[in-house]
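Hi everyone, thanks for coming.

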Amino acid sequence: MPILQLVDLSKEFASGFRVHNINIDVQEGELIVLLGPSGCGKTTILRLVAGFIKPAGGDILIDGRSVISLPPEKRPTAMVFQNYSLWPHMTVYENLAFGLRLRKTPKREIDRQISGALEMVHLCDVTDRYPSQLSGGEQQRVALVRALLIRPRVLLLDEPFSSLDAKLRIQLREEIKSIQEATRTTMLFVTHDQEEAMYLGNTLVVMNQGAIEQAATPLETYDHPRNLFVARFLGEMNCFEFDENNRPLHYLLRDVAVRLPLVIGVRPEDVHLSRRPGPIYGEIQSKVPFGHYIRVVVNTNMGTVMAYYWRDSEGGDDSVISDNVTYVSFSQIHLFQEPLT
Amino acid sequence: MNQRITPKACIEMGIVACFLVFFFVPILNLAIWAITERWQYPSIIPQQFSFAWWVWVFNQTNLVRPIRLSFEFAFIVTIISTLICIPAAYAFARAEFPLKQILYLLYLLPNAFPMIGLYATVAVLFYRINMMGTFIGVVFVQMIQTLMFMVWVPTASFKSVSPTLEDAARDVGASQLQTFWRVTLPLALPGIIVGIIFSFLSSLDEAQGTLIVGIPKYITMPVQMYSLVTDYPGPVGGVFSVLLTAPSIILLLYLRRFLKSNFLSKMY
């Protein structure tokens, strides 16, 4: 039985923003990522599960029991907030002990659990400090520990790393992953950073405008996006609307029964540039190096195509992208039965 | 560094000096009267300094009573105001209810009028319900002033406490009451203390309403001062003035820690 079930969950706000048709099953020990642009409803869902918002319809079940009538303090969930939300008038120790004291845990046990938990996140000697004396990364670790100490059935994380710098984000991401694997805590993780989502999630739930677009493993979602939104949100996608006058497009779809509206998508890594003649060709418009690859934009007879050209150790003058004109072919294309927006 | 005394600087210093004189000399005068034994015109300073008049004042029961009563009223009014207004302030800060902005403004209104007119109306009402000359009547009349302080300042204070801090407390298992007591109140305390201090001082200073409702049975220090000036020697007035002003000065100096300009504007 899934540890967390969202059944036909919906919520409508006075502003007109609504979340609807939310159906998610989370198995115990899973890390589910809710991914989407700002305003897509992912934080709303998190707050619904935590109990800060009451749903308009549907149900939330934890361990098979409905929790929607329970206030936040009675739900077996714990949240890690975006801005850490550590109580500034309490020391780190008091912040961490707060939840345990409410549960009448004896002091020695509290001390033991706190030092064990702080060790897990590699923080030492912080118990007597105040949150304002800690760095952002340290504060977030304390917030994480605070939530884990009360042994929640589901840990809710609301874009916990978005206010940290890039390197720290990557580091904490890895820590969360290893903590999750070690403690087998079920986690619901909200982010708008697709790289984070791909790295962390057992399951990815992509959301847009209050609804779920696709729910699958990260690779499945990347390789087989269900619609244009998911295709473009996760990774990059060249998109071409089917047009009768576009002869190269016609050629590409010669074996396919075309039904309008139709959009053809190609990922930049699936674009190949060569000197071997073919039906699709064009002039190289720009080459921007991004480190281990070069983003090449080609103005083809089919439209503008962006490609990733991998740099190998040889480089050399023989490189095809040093030409003006190149021939373009695709190893994989995606078809979407919707208009291009 | 070359510091030139320009004419402009002179004028500025002159203005500041005038202000300081204007401001401090009357207070200084009172303070001097309070420690005077004997001061005859035309000397600029008293001929004899001592605390003799302080001893004399505290030996007069009809003068000690107003002093005691003033502080009694101040404490009771402040405590009752706090108990009533803190929950109200929290409601204004967090809850949404109809006519909220209007109700909030209502607390400001009594201070928008000349108080004497208001007190006259209060007197008429109190006569009808037999509250004139009662202890509780004076408490109520002094609360007209304190309600504003105890609603406006704590509301801004509560608003400055981030709701996510309260969410975090409830999330780890604290009930709403526990959250209020352990998270919201400690963080809002500076503002609440400001409100309490202002309430205390305004109750101490309150003269007009107490005069109308309280006499002849309940006479506080400010009320006593009206007759004091004519009926008693100068130093007695000085003693009373110091007794009245000293709490204000001490508490306001203490208050400087808590007063931040963004506090009071948080509501709107």
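This is a predicted model: local features need pLDDT of at least 70, side-chain atom pairs count only at pLDDT 80 or more; totals for chains, interfaces and linings use all residues.

Residues are numbered from 1 along each chain as its sequence is written, while chains are lettered from A and ligands numbered from 1 in the order in which they are written.

Let's begin with the sheet. Helices (H or I, at least four residues) and strands (E, at least two) are DSSP runs, numbered from the N terminus. Two strands pair if DSSP finds at least two bridges between them. In chain A, an open sheet of 3 strands has the order 11-12-18, with antiparallel pairing. Strand 11 (238–241) and strand 18 (334–336) of chain A each have a single partner strand, so one side of each is left without a neighbour in the sheet. Strand 11 of chain A is joined to strand 12 (residues 263–266) of chain A by 4 bridges. Within that pair, A:E241 stands opposite A:V263.

Now for a single residue. Is A:I22 buried or exposed? A:I22 is buried, because 25 other C-beta atoms lie within 10 Å; the cut-offs are 20 or more for buried, 12 or fewer for exposed, and partly exposed in between, with C-beta atoms placed from the backbone. You'll find A:I22 in strand 2 (residues 18–26) of chain A. Leaving out residues up to four places away in sequence, A:I22 touches A:L6, A:L9, A:S10, A:I45, A:G58 and A:I212. Contact here means C-beta atoms, placed from the backbone, within 7 Å.

Over to chain B. Helix 1 (residues 7–34) and helix 11 (residues 234–255) of chain B pack at an angle of about 115°, with their axes 7 Å apart. Axes are lines fitted to C-alpha atoms, for helices over the stretch in contact, and angles run from 0 to 180 degrees between N-to-C directions. On the helix 1 side of chain B, the contact is made by B:L30, B:A31, B:W33 and B:A34.

Finally, how do the chains meet? The contact takes 13 residues from chain B and 17 residues from chain A. On the side of chain B that touches chain A, helix 7 of chain B gives the largest share, 6 residues.

Methods. Two residues are in contact if their C-beta atoms, placed from the backbone, lie within 7 Å.
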